[in-house]
Amino acid sequence: WYTYSPTRVRYPYVRGALLRLFREAKAANGHDPVLAWKSIVEDPAKARRYKSVRGKGGLVRATWAEAVEIVAAAYVYTVKYLGPDRTTGFSPIPAMSPVSFSSGARFHQLIGGSMLSFYDWYADLPPASPQVFGDQTDVPESGDWWNSSYLMMWGSNVPLTRTPDAHWMAEARYHGQKVISIAPDYAENVKFADEWLAPATGTDGALAMAMGHVILKEFFVDTTTDYFDGYVRKYTDLPFLVELEPDETGVFRPGRFVTATDLGSAATSEADTEDANFKPALWDKATNSPAVPNGTLGHRFAADGEGKWNLDLEDIDPALSIAEATDGIRDAVEVTLPRFDTAAQGEIDEITRGVPVVRLGERVMTTVFDLMLAEYGVGRPGLPGTWAENYEDATSPNTPAWQEAITGVPWQAAARIGREFAANARDSKGRSMIIMGAGTNHWFHSDQTYRTFLTLTTLCGTQGVNGGGWAHYVGQEKIRPFTGWLHLANALDWVRPPRQMTQTTYWYMHTDQWRYDQFGADMLSARAGHGKFKGMSTADAIAQSARLGWQPYYPTFDDNPLDIAEAASQAGKTSAEHIVDELKAGRLRFAAEDPDAANNYPRIWSMWRANTLGSSAKGDQYFLKHLLGVDNSVSAEETPEHLRPRDVDWRDEAPAGKIDLLLTLDFRMTTTTLHSDVVLPAATWYEKHDLSTTDMHPFVNTFNPAISTPWQSRNDWETWATIAEKFSELARTHLGTRTDVVAQPLQHDSPDALNTPHGRVKDWKFGECEPIPGKTMPKLVEVERDFTAIYDQYTSIGPLLESQGMNARGIRFDVDHHVERLRRLNGVVA
């Protein structure tokens with residue numbers, strides 16, 4: 001079907017209006033393709049002539065040579081005059097075809113362009129995973145479902161969405177596995193289940209909270225369980241101390257973790273160590289005093305932490321509750337906690353409940369576990385506050401009866417399933433599992449919903465146990481040969497660091513959807529917060545995250561990074577020094593602070609293996625209006641003046657037709673190709689060599705061509721190699737070798753995680769601290785790019801693999817012997 005489909009793209013196509021303009025401009029500019037492109041896109045009337053007819057037909061057949069020349073000229077022009085970070089590429093899910101994914105990604109990283117993410121863009125990324133575990137969906141392969149003895153499919157319709165893997169769930173029933181299906185509809189997986197719970201759509205978090213209420217009461221308060229008890233003391237943060245902070249009315253609210261710095265050198269020797277601010281403390285029952293255990297973030301990167309980055313508690317006996325430390329509840333205070341069931345949409349109400357405390361000087365402390373019991377509404381004698389009378393108390397948040405009014409699930413069933421899940425985990429040492437699905441993930445605030453699930457799996461000691469823990473429904477989100485793919489796709493053998501950005505944020509800003517918001521960022525913040533978002537818009541929050549180095553944003557600055565580096569050199573400064581000086585003087589700004597300025601948005605958008613406009617463009621009409629400049633049906637009112645951004649510039653008229661070139665590589669005509677300026681014919685899965693790999697299976701599948709690419713189609717690697725070759729040729733005249741400066745965000749799994757002591761955010765823009773690259777703002781890294789050698793670099797292994805190794809998750813791998821083997825097998829370029 002794909003090969004011989006009537007929608008098959010057989011030849012290169014160029015928008016007719018653009019092709020005519022390009023031929024005329026080339027003749028008028030000495031046959032220089034780059035100057036020809038410059039004359040078109042810098043003339044508003046000419047640019048509008050081809051942009052306005054996107055999506056209205058008019059694609060005409062062209063030769064490969066002419067189509068590639070247009071593409072390469074556009075890239076060279078954009079890099080030279082606007083900046084490499086004004087070009088961007090997108091291709092989804094590398095696990096399905098890592099070679100094809102790497103083709104365009106490698107080209108973009110070599111020239112300094114940006115690559116857009118895919119996992120969050122499809123709303124499949126569960127943010128709760130990095131929030132809770134610090135890692136993106138580190139889940140088992142599907143074969144581990146077989147090892148579970150109690151399996152909940154929660155919003156995951158396994159037989160339909162994971163058809164090749166469903167047999168693991170179906171067959172496990174034969175050795176006694178109990179299967180629970182939680183879904184609002186009678187989905188395919190329901191018929192495999194022993195029991196079916198059908199909560200109202202979007203209310204899964206309430207159901208999970210009620211189950212957590214039962215588990216905490218019956219397995220942690222009324223009785224204790226050796227397995228659960230030992231697990232949570234060693235592997236979770238439940239024993240850690242949290243300071244309670246009084247507000248202006250004297251009401252206590254949960255504050256931050258108590259660290260070695262807070263305790264002082266009289267209480268712990270860790271107070272005088274290098275990263276003491278990042279060494280949270282717990283209460284040691286053995287000494288009846290605070291103590292800092294091994295394995296905290298503060299132990300990871302400092303020399304004095306060597307040998308302590310582990311979970312060996314040594315002689316420390318952590319108190320789970322302050323009540324253990326004080327031989328019963330001797331001192332308690334009321335704390336104000338958020339509740340989510342009484343306020344209007346977008347608001348969060350509060351409830352007051354009590355926790356046991358211990359006082360150290362002026363410091364009032366409790367444990368994470370005590371706060372969790374309070375949040376879940378599990379009372380204990382001697383505590384003040386509002387508590388449930390029993391499971392049937394529907395007025396108290398998080399009881400089984402409370403959830404019934406929200407979800408429709410009978411309270412008895414919710415309590416029993418929660419109890420069974422925990423009892424099975426206790427008896428099997430953790431072999432209770434939840435397969436979480438799109439039915440629960442594709443919701444606003446799904447991070448909080450997922451965290452209610454992950455609380456169940458963690459309390460019951462299932463994480464890290466074969467047959468236990470959580471399994472995510474997406475099987476293609478990770479690639480088995482991750483480290484090798486990472487370096488191939490990001491061209492890390494030649495240049496570091498790469499430019500990558502979250503696509504959701506990218507298009508929210510560059511399609512101008514931020515201009516239509518009808519609420520501020522503070523609408524979504526908890527009342528228990530400190531009012532940090534008051535007066536800010538979501539666009540303001542994005543701009544702040546970019547200038548503080550929390551997340552990437554491209555383009556980064558309101559000037560070409562090549563020109564910034566050159567100006568720094570002429571001034572006798574490093575790029576970092578020059579940028580800091582220019583930012584402080586107000587002569588340079590982050591592009592996110594004026595996203596609609598002509599030099600602050602992307603000019604080239606290339607995609608392959610994707611149909612964004614036809615399948616995943618959230619708010620596609622904004623794409624059509626602001627990105628492509630074509631007819632659209634945008635009817636939303638722009639943000640009223642009182643809700644407009646505080647820090648981000650508002651221009652009276654938003655630009656339309658921002659993108660100069662939309663390039664698509666595809667084997668079939670789609671919504672995106674019909675709106676593209678250049679369409680290049682791609683190979684199907686049956687016409688190329690590639691791989692398919694997933695974390696749900698322990699093997700790697702190879703794609704091998706059944707037939708040669710028909711007509712004039714080429715595989716993605718060949719196509720981008722052809723573009724790279726023409727780009728290198730044109731760069732000899734227009735670019736040569738230049739220094740680029742990459743703004744790299746602060747990195748996970750690195751010492752950058754230590755840059756915000758006690759979580760107190762300081763913004764240099766408002767004079768709260770100095771702008772320090774790599775500390776209070778992004779790292780600023782100079783990268784030399786030989787634009788004339790992009791093709792040579794694209795088709796060969798660069799020197800950085802041997803000089804800097806392969807790096808993943810903060811770990812360096814020496815791969816010299818692998819490079820040497822490839823050198824012997826394939827020869828050398830130079």
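Ala, Val, Leu, Ile, Met, Phe, Trp, Tyr, Cys and Pro count here as nonpolar, Asp, Glu, Lys and Arg as charged, and the others, Gly among them, as polar. The model is predicted, so local features need pLDDT of at least 70 and side-chain atom pairs count only at pLDDT 80 or more, while totals for chains, interfaces and linings use all residues. Residues are numbered from 1 along each chain as its sequence is written, and side-chain values use heavy atoms, with hydrogens and water left out.

A cavity is a set of points, on a 1 Å grid over the protein atoms alone, where a 1.4 Å probe fits but cannot get out; lining residues have an atom within 4 Å of a point. Grid points are joined across faces, edges and corners, and a volume is the space filled by probe spheres set on the points. Searching the whole structure gives two cavities of 30 Å³ or more.

The second largest cavity has a volume of about 40 Å³. Its lining includes Tyr 508, Trp 514, Asp 517 and Arg 644. By class, this lining of the second largest cavity has six nonpolar, three polar and two charged residues. The largest cavity has a volume of about 60 Å³, and among the residues that line it are Gln 551, Tyr 553, Thr 556 and Phe 590. The lining of the largest cavity divides into eight nonpolar, two polar and no charged residues.

Next comes a sheet. Strands (E, at least two residues) and helices (H or I, at least four) are DSSP runs, numbered from the N terminus; two strands pair if DSSP finds at least two bridges between them. Five strands form an open sheet in the order 7-6-5-16-17, with parallel pairing. Strand 7 (195-197) and strand 17 (469-472) are the edge strands, each pairing on one side only. Strand 16 (residues 432-436) pairs with strand 17 over four bridges, and Ile 435 stands opposite Ala 471 in strand 17.

Helix 9 (residues 204-221) lies across strand 5 (150-154), strand 6 (178-182) and strand 7, at about 155 degrees to strand 5. Angles run from 0 to 180 degrees between N-to-C directions, and axes are lines fitted to C-alpha atoms, for helices over the stretch in contact.

Tyr 11 sits in the segment before strand 1 (13-15). Tyr 11 counts as buried because its relative accessibility is 19%; buried means under 20% relative accessible area, exposed over 50%, partly exposed in between (1.4 Å probe, protein chains only). Beyond its neighbours within four places in sequence, Tyr 11 is in contact with residues including Arg 61 and Trp 711, where contact means heavy atoms within 4.5 Å.

Notes: On a 1 Å grid over the protein atoms alone, a cavity is a set of points where a 1.4 Å probe fits but cannot get out, and a pocket is an open set with protein on both sides within 12 Å along at least five of seven lines; lining residues have an atom within 4 Å of a point.
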